[in-house]
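Hi,

I am passing a structure on to you, and I would be glad if you could look it over. My notes on what I found follow below it.

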Amino acid sequence: MDEESIRFQGTETLSRDSDRLKKTSFDLKARNGEWIHQDRETYRRDDGATVLLYNLAHRTVVLTRQFRLPVHMHGEPGYLVETVAGVLEGADPAVRIKEEIKEKTGFEVDEVRAVGRAYMSPAAVVELVHLFVAEYEPGRKAGPGGGLHEEGEDIEVLEMPFDEAYAMVERGEIVDGKTIILLQHARLSIFAEGAQG
Ligand SMILES: Nc1nc2c(ncn2[C@@H]2O[C@H](COP(=O)(O)OP(=O)(O)O[C@H]3O[C@H](CO)[C@@H](O)[C@H](O)[C@@H]3O)[C@@H](O)[C@H]2O)c(=O)[nH]1
Ligand SMILES: [Mg+2]
């Protein structure tokens, strides 16, 4: 990332007593009957949903690329290639993810298929992510995509061959958990020889 792309304005340490970030002390009965004491900090986020958009005939997928601060803090540039995702804001996951598809990519799909649920960081983060796949039509765009500018989103839309995306997983260039899971699902169940999509 070039030096001019990020300007830090400051960092503050937030209270551990806030509703989202908590420290909990508890005793857990072990399998041998002993009680084990644990102190754990947890961070609560709204649940989320994510979807892999694919087209069988073209053998393509649609992914996004955006800046993720925690990844930058880990020492990488911080731009991650990911499946389309969003927080539920209290909505039904299948309904919410169809809206996110429009907001993020501009594509419009008729149906999404649920393929699983995942806690992406179960040691610390109280957040369940609902996983979907959906077939998109390359020509069927309802808007420009890119995310909601007013929410500070600046999202690049990447339409690419599935094989190129999968090669990025194998080369360690795609490092987002939900995205790896869905591309592996696609390899096994959508683009595999003899798969039905
Ligand atoms: N000010 C502020 N705004 C925030 C913060 N966190 C989130 N937001 C706002 O909430 C919006 C949430 O964006 P979404 O696109 O709905 O979700 P996401 O952050 O990309 O999260 C999705 O991907 C995550 C990573 O895999 C998932 O963890 C999550 O469940 C979801 O699927 C952001 O654009 C931003 O406006 C915060 O700490 N501060
Ligand atoms: Mg959203």
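How many bridges join strand E1 to strand E2? Before the answer, please keep in mind that this is a predicted model. Nine bridges link E1 to E2 (residues 35–44), and the two strands run antiparallel. One of the pairs across them is Lys29 with Trp35, its bridge partner in E2. Five residues lie between the strands of this hairpin, and there Gly33 adopts a positive phi near 95 degrees.

The two strands belong to an open sheet of three strands, in the order E1-E2-E8 and with mixed pairing. E1 and strand E8 (125–126) are at its edges with a single partner strand each, so each has one side without a neighbour in the sheet. On the E8 side, the pairing with E2 is parallel and rests on two bridges; Arg44 has Val126 as its bridge partner in E8.

Is E1 buried or in the open? Strand E1 covers residues 21–29, nine in number, and zero of them are buried, so the strand lies largely in the open.

The largest nonpolar core has 28 residues, and the ones that touch the most other members are Val51, Leu52, Leu53 and Val133. At least two residues of this core come from each of strands E3 (48–55), E4 (60–67), E6 (84–87) and E9 (128–135), and likewise from each of helices H2 (93–105), H3 (162–170) and H4 (177–190).

UniProt, in an unreviewed entry, places the short sequence motif "Nudix box" at residues 86–107. In the model, that span is 59% helix and 9% strand, and the C-alpha atoms at its ends are 15 Å apart.

One more residue to look at is Ile155, in the loop between E9 and strand E10 (156–161). Ile155 has 19 other C-beta atoms within 10 Å and is partly exposed, because 20 or more would be needed to count as buried. The C-alpha atoms of Ile155 and Thr64 are separated by 6.4 Å, although the two residues are 91 apart along the chain. Apart from neighbours within four places in sequence, the contacts of Ile155 are Thr64, Gln66, Lys104, Gly146 and Gly147.

Happy to talk any of this through.

Best wishes

Note on methods. Residues numbered from 1 in each chain as written. Chains lettered and ligands numbered in written order. Predicted model: local features only at pLDDT ≥ 70, side-chain atom pairs only at ≥ 80, totals over all residues. Buried ≥ 20, exposed ≤ 12 C-beta atoms within 10 Å, placed from the backbone. Helix = DSSP H or I, 4+ residues; strand = E, 2+ residues; numbered from the N terminus. Pairing = 2+ DSSP bridges. UniProt positions renumbered as here; feature names shortened; annotations may be inferred. Core = buried A, V, L, I, M, F, W, Y, C linked by C-beta atoms within 7 Å. Contact = placed C-beta atoms within 7 Å.
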